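Let's take a friendly walk through a protein structure together. Have the sequence and the 3D view ready, and follow along step by step.

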Amino acid sequence: MTLPYIEYNLSDLNEHGVFINHLSNNICYINPSLSGHDSDCILKTFRTWFNPNNIYLYDRKEALEVLKDNIEFLSDIENISSDEYFNLKLYKYFYDVYSSDKTKINVSSQDKIDLSLTTSYTPKYFYCYHNVYNRVERLMDEEDEIDILKSILVQSCDVDSIELVWPNTICTSKFNIYETFYNYLIMDYNVQIVPKRIFNEEKGVFIDCKYNEFLVPYSELRLKDEVISIRKLVKKDERYKYFK
């Protein structure tokens, strides 16, 4: 599927990247400055499952049941919102994580869970006392947290990010970039491909899916030639005529 070209207004957004909802072509971004009831729901979902402080997550079976229920509920929504769309992606990711024996769940330690063997992410943690719940909680370094969330979305959830640090750059793990981002590419966007990471059920871990450049379909090569030609021969303000 080729994404329609949209000139998003990114000037007021944070520097962590903007994510494209392929169902609606809306964008969604992570805002770590929000807290409490107004907290970013995607970041909240990530925190809940990557570094849980909820007591029920001591139990792997119950955790999987909660994730399954969330997946089924969101999958049945006809007009799914961007937040729900990205949360569904995360729930599916964490269902694989929690189904793996490599995911360590401890029943008495403060460090309730260790996902590092399954996911290969090893974040920085620190500890603080929570006055409301009267307990010490393990928290992640915020910058580390955002980087890992972004990596999971792009590399394992088939989500694409419009970068803010590098102008006109899309980060993706898709292999068919000329088909998917054709309209962006002819408008002088760059597409940065990062390794796709998929869940290996036999090993119980996420592994890099290697891209074989010798298996590139002819359609991709043809579209690549078209992009190069349009960029070279057509003025930018006329290129919209070639949108697919």
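This is a predicted model: local features need pLDDT of at least 70, side-chain atom pairs count only at pLDDT 80 or more; totals for chains, interfaces and linings use all residues.

Which side chain meets Asp188 in a salt bridge? The partner is Arg239, with a distance of 2.8 Å from N to O. Asp188 sits in the loop between α7 (182-185) and β9 (190-193), whereas Arg239 belongs to the segment after α8 (218-233), so this pair ties together parts that are 51 residues apart in sequence.

Another one joins the side chains of Lys196 and Asp158, at 3.7 Å from N to O. Here too, distant parts of the chain are linked: Lys196 is in strand β10 (residues 196-200) and Asp158 in the loop between α5 (142-156) and β7 (160-162), 38 residues apart. Lys196 counts as buried because its relative accessibility is 18%, under the 20% cut-off. Asp158, at 33%, is partly exposed. Both residues belong to a network of salt bridges that also takes in Asp160 and Lys174.

Lys174 leads us to another contact. Its backbone nitrogen lies 3.0 Å from a polar atom of the Thr172 side chain. Thr172 is part of strand β8 (residues 169-172), and with a relative accessible area of 0% it is buried.

Now turn to a salt bridge inside a helix. Glu226 pairs with Arg222, their closest N and O atoms being 3.0 Å apart. Because these residues are four apart in helix α8, about one helical turn separates them. Glu226 has a relative accessible area of 24% and is partly exposed; Arg222, at 35%, is partly exposed as well.

Finally, let's visit the surface. Which residues form a negative patch there? They are Asp59, Glu62, Glu65, Asp69, Glu72 and Asp76. Glu62 can be found in helix α2 (residues 60-75), and its relative accessibility of 36% makes it partly exposed. There is also a nonpolar surface patch, made of Tyr125, Tyr127, Tyr129 and Val136, which together have about 380 Å² of accessible area. Strand β5 (residues 125-130) supplies the largest share of this nonpolar patch, three residues. Tyr125 lies in that strand and is partly exposed, at 31% relative accessibility.

Definitions and conventions
Residues are numbered from 1 along each chain as its sequence is written. Side-chain values use heavy atoms; hydrogens and water are left out. Patches are made of residues with over 30% relative accessible area and no salt bridge: like charges are joined within 9 Å, nonpolar side chains (Val, Leu, Ile, Met, Phe, Trp, Tyr) within 5 Å. Accessible areas come from the Shrake-Rupley method with a 1.4 Å probe; for residues, only the protein chains shown count as cover. A salt bridge is a side-chain nitrogen of Lys or Arg within 4 Å of a carboxyl oxygen of Asp or Glu. Lys and Arg count as positive and Asp and Glu as negative; His and the chain ends are not counted. The place of a charge is taken as NZ of Lys, CZ of Arg, CG of Asp or CD of Glu. Helices (H or I, at least four residues) and strands (E, at least two) are DSSP runs, numbered from the N terminus. Buried means under 20% relative accessible area, exposed over 50%, partly exposed in between (1.4 Å probe, protein chains only). A polar contact is a pair of N or O atoms within 3.5 Å; within protein, one must be able to donate a hydrogen and the other to accept it, and residues adjacent in sequence count only if both atoms are side-chain atoms.
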